[in-house]
Amino acid sequence: MTSWWQLFKVFCKQKSKSVYLIFIFQLISSFALIIMAKPVNSNNFYSDAGLIKVSNFSSFCLGLVGMIFMTTFLAEGVLGISTTIKNERFNKSKTWRLIPISNGGYFTANIASSALELIWLGVLNLITIIVLGVIALPGMHPNKWLGEMVNTIGKGISTSEFSQMLSYLISIVVFLVLIAIAWYLMISFLNFSSSAIVNFLPKASNKLVLFFVRAITIIILLVLFDFVSVYFGNIFQNIVNWIPAGSEAQTGDMLQANLAIFIFDIIVAGVDIGLFNKFFEAKIEH
């Protein structure tokens with residue numbers, strides 16, 4: 001028998017190519033966009049030490065940081081679509097299904113590997129942003145303002161507030177991962193249920209049942225989208241207004257949202273595995 005971990009690593013290897021291709025394309029696009037943007041007055045900023053002149057190279061690096069941050073969301077969306085397609089291809093492949101492992105283990109390893117690839121793309125972007133920030137720092141005369149800024153932040157945020165802020169940021173990451181898993185599970189549910197209906201119900205009735213299943217799936221996805229949009233609005237409002245993100249009320253809201261999405265994922269995953277076990281037939285690849 002193949003272990004879950006072995007299959008998980010194989011799935012990750014198969015999907016990692018898309019991560020690196022998307023990441024490289026994102027970097028090239030960000031580089032091109034920042035060159036075309038030609039930001040005005042990007043070489044100056046104000047601090048307690050007065051007007052600080054930033055070198056052209058540091059200004060370019062900072063602009064690239066901002067562009068990479070903005071394009072990260074688009075890149076994650078593209079990767080999400082790519083991994084969704086690959087998930088369903090692996091689920092339908094009779095060749096891959098011959099791997100000696102339970103259907104439940106196969107299905108969960110497939111979904112988990114896609115979620116990990118989304119996280120890995122985010123990590124690559126974060127590392128790139130940090131490296132560019134460090135490279136840009138010498139040309140920003142940090143001796144004139146960095147110490148003062150650190151002291152100001154240190155005076156304004158207590159240790160407990162900092163820990164709450166960190167908890168809030170971690171909760172946001174968990175929220176995004178759980179939402180991505182919910183998306184994968186719902187797409188699989190749509191494919192599995194559609195296949196089961198077409199294969200096992202008479203043709204006279206399967207069209208009507210198929211219509212209702214698809215309609216219900218779309219409604220669930222719309223409700224999920226509305227749920228996500230509300231929390232995204234709160235998250236971005238907190239970031240834009242720079243409210244200390246660690247307030248207990250905000251962290252509590254995120255924990256409740258994560259718990260709700262987690263329970264939803266568990267229920268849908270159970271239904272998906274049941275359909276995958278009993279009704280979904282793999283096909284020979286041509």
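Predicted model: local features only at pLDDT ≥ 70, side-chain atom pairs only at ≥ 80, totals over all residues.
Rings of Phe, Tyr and Trp (its six-membered ring) pair if their centres lie within 6.5 Å; planes under 30 degrees apart count as stacked, over 60 as edge-to-face and the rest as tilted. Residues are numbered from 1 along each chain as its sequence is written, and side-chain values use heavy atoms, leaving out hydrogens and water.

**Exercise 1.** Find which residues form one aromatic cluster, and classify the pair of Phe90 and Trp96.

*Solution.* 
- Step 1: the cluster is made up of Phe11, Phe90, Trp96, Tyr106, Phe107, Phe192 and Phe276.
- Step 2: the ring centres of Phe90 and Trp96 lie 4.7 Å apart with planes at 70°, so this pair is edge-to-face.
- Step 3: Phe90 and Trp96 are both buried (under 20% relative accessible area; exposed is over 50%, partly exposed in between; 1.4 Å probe, protein chains only).

**Exercise 2.** Describe the pair formed by Phe69 and Phe73.

*Solution.* 
- Step 1: the structure holds eleven aromatic pairs; in this one, the centres are 5.6 Å apart and the planes 85°, making it edge-to-face.
- Step 2: Phe69 and Phe73 are four residues apart in helix α2 (residues 56–92), so about one helical turn separates them. Helices here are DSSP runs (H or I, at least four residues), numbered from the N terminus.
- Step 3: Phe69 is partly exposed at 49% relative accessible area, and Phe73 is partly exposed at 48%.

Note on methods. Helix = DSSP H or I, 4+ residues; strand = E, 2+ residues; numbered from the N terminus.
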